[in-house]
Every structure is written in structure tokens, then in C-alpha cells.
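Work through these exercises with the structure in view. Each task comes with a step-by-step solution.

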Amino acid sequence: MDILLWHKILSPYELAVQELVLKFDHMKKEHRERGIYCPIENVTGRVKTISSILEKMQKKEIPLEQMEEQVEDIAGIRIICQFVEDIERVEKLIEARSDMKILCEKDYIRNQKESGYRSYHLIVQYTVQTIDGPRALQVEIQIRTMAMDFWATVEHSLQYKYKMKIPAHIKTRLSNAADAILSLDKEMSSVRSEIMDAQVSSQLQNRLVADILNTIENLYRLTNQREVEKIQDEFYRIYAAHDMEELKRFHQQLDIIAEGYRAQSVAEEM
């Protein structure tokens, strides 16, 4: 196949990866803005290299004309979660969307591979708009925990090094590591609620502090510096006390004070 034709084929997949990474990152942003725990920790994407596509086609004896039908992971998205329980939540988020249609599910968590590999794969149909019109593409979405991803990354590197023929003693050590990863995920799940509460609380505090500082900055344009400095000192006192409830009350009171100064400024201009 001509190299230019390869670029033409792969270009829509590159667009699909860019759009999907952006959409999943926006999901994270929406969760944060609403003070809701987000099951998505990190998102990355890639388009398979021509070399990798050819290697897979050769291994599975896929004819060139059937490449886009049978090579399901030309475009790949990887979603990393903190907890095993989050994987199902991410799957439900995807299932509820109208711009992605789930074609196939592969559960390597309940059905762990012999090597120790654990992950949850979805093959989705996603449509991109190109200058030639809409293109419905297959995209593989891998959903796994940080621990699973660490193991899979190491295993992939070893597969590449030994050209898919990892020595038996290293396979044994990988298997032992996979068991340790499973134990780690279970242990993290046991303290999941406490970690989630702490993270949501931290996100809420960051939002409150940013909003308060923005309001105080605006007050410098509405009233005299001495008054604003008093408000600023009070904020620093409350922040140093690490009292979230008092910080919330201060935020509400500051909004009322700021609104009063804004009304006074408008009245003076009239």
C-alpha cells in the first residue's frame, strides 16, 4: 500500500483519538466543578503504528481490504481509574452517551488472562466528521486501575524485548507480580470511601479558595484597601484553621458583602 494512502486511512483515527481524549478530560472537569468524585483518573490515546498494524494483520491472517473491519484497535483510548469499582462506573458513563456505541466488551478482570493481564476492553463505534463526510470508526477503549496499568506496561515491554517469547522464570515472576497487583487493588478498595471523601473535600476546598480569592481581588476595585485587607486577613485566619465548615460560611458571607459593595458602587455612579 502506498504510504500516502496509509496516511489518508489513519488520519480519521487520529481525529477520533484527539476528540475522545478531549471528551473524557471534559467529563473529569465536569465532575470536579460539581464537587462529584470522578471515576476517571487519567486518559491517554494513540493510533497504532503502521508497523504494529501490519504485524497484527500478519499474525491473524487479515487481508488488507478487511483491515478496518478486523483490526479493532487501530485507534486506542486508555482510561486509568483508582479503584476496580470505578471501572464499571466508567463503562456506564460510556454506555449512556449518544456519541459512542458499544459494539463489543472484553472483560479480562473477571476472566484474567493466563499471563496475569487484567483490564476491561470496550470496542465502540465513534463517528468523526472529515472533508469527505462522516466516518464511523471502531475504537478500542481500555479501562484499568493504576496498578493494572503498571503491570501491563512492564509486561508489554518484556514482550517486546523477548519478541513474544518471555523466558519461563520471568513469566513466573510476572505471575507473582500479577497476584500482588490483585491484592493491592483489593486493599485499596477496602479504603475506597475514605479516599473518595478526602479527594472530594480537597476539590471543594480548592474551588472555594479560588472563588474567595477572586472575590477579594474584585473588592479592591469596589472599596478602600484597608477594608479589603481586613477581609483578606480573616480569610488567611480561617484557611490556617483547616475548618471546612467555617470556610463555607466565610464564602457565603463574602458573597453577601461583595454584592453590597457592588450595589453601592452602582448607586454612586448614578
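**Exercise 1. Find how exposed Arg 237 is, then find its charged partner.**

Solution. 
Step 1. This is a predicted model. Arg 237 has a relative accessible area of 43%.
Step 2. Elsewhere, salt bridges with shared partners link Arg 46, Lys 48, Lys 56 and Asp 73 into one network.

**Exercise 2. Decide whether each partner in the bridge of Asp 107 and Arg 110 is buried or exposed.**

Solution. 
Step 1. Confirm the pair. The side chains of Asp 107 and Arg 110 form a salt bridge, 2.8 Å from N to O.
Step 2. Recall the cut-offs: buried is under 20%, exposed is over 50%.
Step 3. Asp 107 has a relative accessible area of 16%, so Asp 107 is buried.
Step 4. Arg 110 reaches 68% relative accessibility, so Arg 110 is exposed.

**Exercise 3. Describe the largest pocket: its space, its central residues and its lining.**

Solution. 
Step 1. The largest pocket has about 1700 Å³ of space.
Step 2. Its lining has 38 residues, and the closest to the centre are Lys 48, Lys 59, Asp 73, His 156 and Met 164.
Step 3. Trace the lining to elements. At least two residues each come from α2 (50-60), β5 (133-145), α5 and α6. The most come from α5, which gives eight residues.
Step 4. Sort the lining by class. There are 18 charged, 12 polar and eight nonpolar residues.

**Exercise 4. Locate the cavities and say what lines them.**

Solution. 
Step 1. Recall the idea. Rolling a probe the size of a water molecule over the atoms shows where empty space is left.
Step 2. Two cavities of 30 Å³ or more are present. The largest cavity holds about 50 Å³.
Step 3. Gln 205, Ile 238, Tyr 239, His 242, Asp 243, Met 244 and Leu 247 line the largest cavity. The elements that give two or more residues to this lining are α8 (225-241) and α9 (244-269).
Step 4. By class, the lining of the largest cavity has four nonpolar residues, two polar and one charged.
Step 5. The second largest cavity holds about 40 Å³. Its lining is Gly 116, Arg 118, Met 148, Trp 151, Ala 178 and Ile 181.
Step 6. Both α5 (146-161) and α6 (168-190) supply at least two residues to the lining of the second largest cavity. This lining divides into four nonpolar residues, one polar and one charged.

**Exercise 5. Find where Glu 61 and His 242, with their positive phi values, lie.**

Solution. 
Step 1. Glu 61 is not a glycine, yet its phi is positive, near 55°.
Step 2. Glu 61 lies in the loop between α2 and α3 (67-70). Glu 61 is exposed, at 70% relative accessibility.
Step 3. His 242 also has a positive phi near 55° and is a residue other than glycine.
Step 4. The loop between α8 and α9 holds His 242.

**Exercise 6. Which residues form the nonpolar patch on the surface, with about 210 Å² of accessible area together?**

Solution. 
Step 1. Leu 184, Met 188 and Val 191 form the patch.
Step 2. Val 191 lies in the loop between α6 and α7 (192-219).
Step 3. Val 191 has a relative accessible area of 34%, so Val 191 is partly exposed.

Methods:
Residues are numbered from 1 along each chain as its sequence is written. This is a predicted model: local features need pLDDT of at least 70, side-chain atom pairs count only at pLDDT 80 or more; totals for chains, interfaces and linings use all residues. Side-chain values use heavy atoms; hydrogens and water are left out. On a 1 Å grid over the protein atoms alone, a cavity is a set of points where a 1.4 Å probe fits but cannot get out, and a pocket is an open set with protein on both sides within 12 Å along at least five of seven lines; lining residues have an atom within 4 Å of a point. Grid points are joined across faces, edges and corners, and a volume is the space filled by probe spheres set on the points. Helices (H or I, at least four residues) and strands (E, at least two) are DSSP runs, numbered from the N terminus. Ala, Val, Leu, Ile, Met, Phe, Trp, Tyr, Cys and Pro count as nonpolar, Asp, Glu, Lys and Arg as charged, and the others, Gly among them, as polar. A salt bridge is a side-chain nitrogen of Lys or Arg within 4 Å of a carboxyl oxygen of Asp or Glu. Buried means under 20% relative accessible area, exposed over 50%, partly exposed in between (1.4 Å probe, protein chains only). Patches are made of residues with over 30% relative accessible area and no salt bridge: like charges are joined within 9 Å, nonpolar side chains (Val, Leu, Ile, Met, Phe, Trp, Tyr) within 5 Å. Accessible areas come from the Shrake-Rupley method with a 1.4 Å probe; for residues, only the protein chains shown count as cover.
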